[in-house]
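I opened the notebook to look through this structure one feature at a time. My notes follow the order in which I looked things up.

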Amino acid sequence: MARQKFAKTAGIALCCAVVGIGLVGCDADTDGDSSAPAPAPEEGTGEDLLTGTQTITVGDHTVKVSCSGEPAAGRPLVVLLHGGGDDLTTMAPFQETLSADGRVCSYDRLGAGGSDQPGGPQDYDSVGETLTGVLDQVAGEEPVVLVGHSMGGLIAGRYAPDHQDRVAGLVLLDSTSPTAVADVSDRIPESDTGPAGELRAQTLAIFAGENPELLVFTDGDVASAGDIPVRLIQHGQQYLGEVPEYGEGLEEDWTAGQNKWLALSEDSELSTAENSGHYIHVDEPDVAVAAIDEVTTRAVG
């Protein structure tokens with residue numbers, strides 16, 4: 001990524017927030033230990049219940065999965081989807097907190113953490129196939145609540161409408177916009193030859209597949225997932241405003257993107273974590289936990 005004077009602030013914001021994924025060199029400080037081990041295996045949960053951190057086979061690939069907590073009556077399994085450039089260890093402390101109330105799983109998508117590399121470029125369908133394979137093994141036929149951060153939220157939002165038999169609810173934490181490509185390309189002119197213009201080119205390259213998961217981003221309308229409970233939380237600390245000339249507009253685009261996700265369900269609500277940056281589950285975990293508690297309760301109501 002660009003290392004101009006403003007890169008540690010505005011540049012990182014663009015990389016990790018506007019893009020919704022973080023690459024090597026996008027050193028966002030989450031105030032957490034992203035190298036911390038995933039929750040350790042638990043005992044006494046039954047030999048058929050995947051617990052702890054394991055590697056499973058999904059199609060032709062191996063996928064690293066972590067599950068913790070005991071199943072709770074009336075509470076669906078919660079599955080966490082990390083942001084781009086992260087892996088399941090980034091959400092490990094948050095997973096441990098959620099595990100006090102029920103069973104929670106997370107996994108490394110292909111190209112992330114301890115999972116295999118993808119065989120080639122991926123689209124939303126291919127990453128969805130991996131997600132389905134994971135759900136088959138950690139949830140069986142039981143419905144789940146998906147909690148996606150950033151790019152993980154984008155994937156969850158694209159997955160749910162086509163898998164209404166599997167997804168009982170969604171919590172999207174500062175999710176990447178469903179029109180992220182247009183948001184950046186329209187906001188920052190191609191003619192800009194300064195640092196913002198360079199970031200524009202780099203960001204669009206990332207969207208075109210130059211990212212660890214080889215995911216090619218495509219914009220599109222938000223499809224309906226019916227009336228499942230959907231809660232969206234956006235950041236409240238306005239750091240995108242630090243990008244020269246285009247910061248305020250990028251913030252407006254970010255909020256507009258969150259509002260577009262409301263079309264996922266008749267039971268969608270958007271709120272703001274006032275004291276949080278992009279990593280809401282790190283900066284204000286209580287806000288994220290409350291949203292998950294509400295969705296898991298409504299999902300079985």
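**Entry 1. The chain**

I noted at the outset that this is a predicted model. I looked up the secondary structure and found nine helices and eight strands in the chain. I then checked burial: 58% of the 301 residues count as buried. The accessible surface comes to about 12,200 Å². Carbon and sulfur atoms hold 47% of that surface. I also looked at contacts with a separation of 6 or more, and 76% of these are between residues 24 or more positions apart.

**Entry 2. The disulfide**

How many disulfides does a search of the whole structure find? I got one. The disulfide joins Cys67 to Cys105, with an S to S distance of 2.0 Å. Which parts of the chain does the pair tie together? Cys67 lies in strand E2, residues 61-68, and Cys105 in strand E4, residues 104-107, so the link ties parts 38 residues apart in sequence. I looked up the torsion about the S-S bond next. The torsion is about 110°, so I logged the disulfide as right-handed. Buried or exposed? Cys67 and Cys105 are both buried.

**Entry 3. Helix H3**

I checked the length of helix H3, residues 124-138. At 1.5 Å a residue, its 15 residues should span 21 Å, and the end C-alpha atoms are 21 Å apart, so the two agree. At the start of H3, I found a side-chain oxygen of Asp123 within 3.1 Å of the backbone nitrogen of Asp125. Just after H3, Gly140 has a positive phi of about 65°.

Next I listed the buried residues of H3. Among them are Tyr124, Val127, Leu131, Leu135 and Val138. Gly128, Thr130, Thr132, Gly133 and Val134 are also buried. For background, an α-helix has 3.6 residues a turn, so residues three or four places apart point the same way.

What do the buried residues of H3 pack against? I found strands E1 (52-58), E2, E3 (77-81), E4 and E5 (144-149), and helix H4 (151-159). Two of these strands are already in my notes: E2 holds Cys67 and E4 holds Cys105.

**Entry 4. His281**

I located His281 in helix H8, residues 280-283. Its relative accessible area is 4%, under the 20% cut-off, so I logged His281 as buried. I then looked up its contacts, leaving aside neighbours within four places in sequence. His281 is in contact with Thr90, Met91, Phe94, His149, Leu173 and Ala288.

Technical notes
Residues are numbered from 1 along each chain as its sequence is written. This is a predicted model: local features need pLDDT of at least 70, side-chain atom pairs count only at pLDDT 80 or more; totals for chains, interfaces and linings use all residues. Side-chain values use heavy atoms; hydrogens and water are left out. A disulfide is a pair of cysteine sulfur atoms within 2.5 Å. Helices (H or I, at least four residues) and strands (E, at least two) are DSSP runs, numbered from the N terminus. Buried means under 20% relative accessible area, exposed over 50%, partly exposed in between (1.4 Å probe, protein chains only). The expected span of a helix is 1.5 Å times one less than its number of residues. Contact means heavy atoms within 4.5 Å. A polar contact is a pair of N or O atoms within 3.5 Å; within protein, one must be able to donate a hydrogen and the other to accept it, and residues adjacent in sequence count only if both atoms are side-chain atoms. Accessible areas come from the Shrake-Rupley method with a 1.4 Å probe; for residues, only the protein chains shown count as cover.
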